[in-house]
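Dear colleague,

Please find below the structure that I am handing over to you. My findings follow directly after it.

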Amino acid sequence: MATKKADGKLLAQNKKASHDYFIEDTYECGLVLTGTEIKSLRAGKANIGDSFSTIRNGEAFVHNMHISPFEQGNRSNPGDPTRTRKLLLKKVQIAKMLGQAKQEGYTLVPLKVYIRNGYAKLLIGIGKGKKQFDKRESAAKKDAQRDIQRALREKQKIAR
């Protein structure tokens, strides 16, 4: 259960995470939402680009996750769109995440927000920060892979 992939409807994705971190392990957790936040999520009005996760007092939280207020909402709309939201995880998972995140250079990075079986889920990764030369190396590998794929496509076109 610790390493699940997002197979529901994708609502928001942190594309910078794979550029800035080596993601070593992922955890799927639920989100505690209030009022009409789920309606805004379903409408795709979420942003997790600059969000981060913490563990305090045996509970996991996500900070700076922006969920825009629902336009047709009423007074149950939360006032602050970037408020801290609690994450739903089992104690064993939180303890494991805390142990991994306390290591030097590791952090908890929100990767994706999606809907699975009608519930909002957040995929969190344990990431180790990349240095500048690691980022250049990753870009070079990606370019080389792209060139290989392009050459294979050209070779298939010629063969036909």
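This is a predicted model: local features need pLDDT of at least 70, side-chain atom pairs count only at pLDDT 80 or more; totals for chains, interfaces and linings use all residues.

The residues concerned are Q93, I94, M97 and A101, which are buried within helix 3 (residues 91-101). These residues lie on the same side of helix 3 because they cover an arc of only 100 degrees around its axis. The face of helix 3 turned away from that buried side carries K91, V92 and A95, which are exposed.

Turning to the overall fold, the protein comprises 4 helices and 9 strands. Their order from the N terminus is β-α-β-α-β-β-β-β-β-α-β-β-α. Of the contacts in the protein with a separation of 6 or more, 69% are accounted for by residues 24 or more positions apart. Along the principal axes, the C-alpha atoms fill a box of roughly 65 × 40 × 30 Å.

As regards burial and surface, the protein has 160 residues, of which 34% are buried. The protein exposes about 10100 Å², and carbon and sulfur atoms supply 51% of that area.

Finally, concerning charge, the protein holds 33 positive and 16 negative charges.

With kind regards

Note on methods:
Residues are numbered from 1 along each chain as its sequence is written. Side-chain values use heavy atoms; hydrogens and water are left out. Helices (H or I, at least four residues) and strands (E, at least two) are DSSP runs, numbered from the N terminus. Buried means under 20% relative accessible area, exposed over 50%, partly exposed in between (1.4 Å probe, protein chains only). Contact means heavy atoms within 4.5 Å. Accessible areas come from the Shrake-Rupley method with a 1.4 Å probe; for residues, only the protein chains shown count as cover. Lys and Arg count as positive and Asp and Glu as negative; His and the chain ends are not counted. The place of a charge is taken as NZ of Lys, CZ of Arg, CG of Asp or CD of Glu. The arc is that of the directions from the helix axis to the C-beta atoms.
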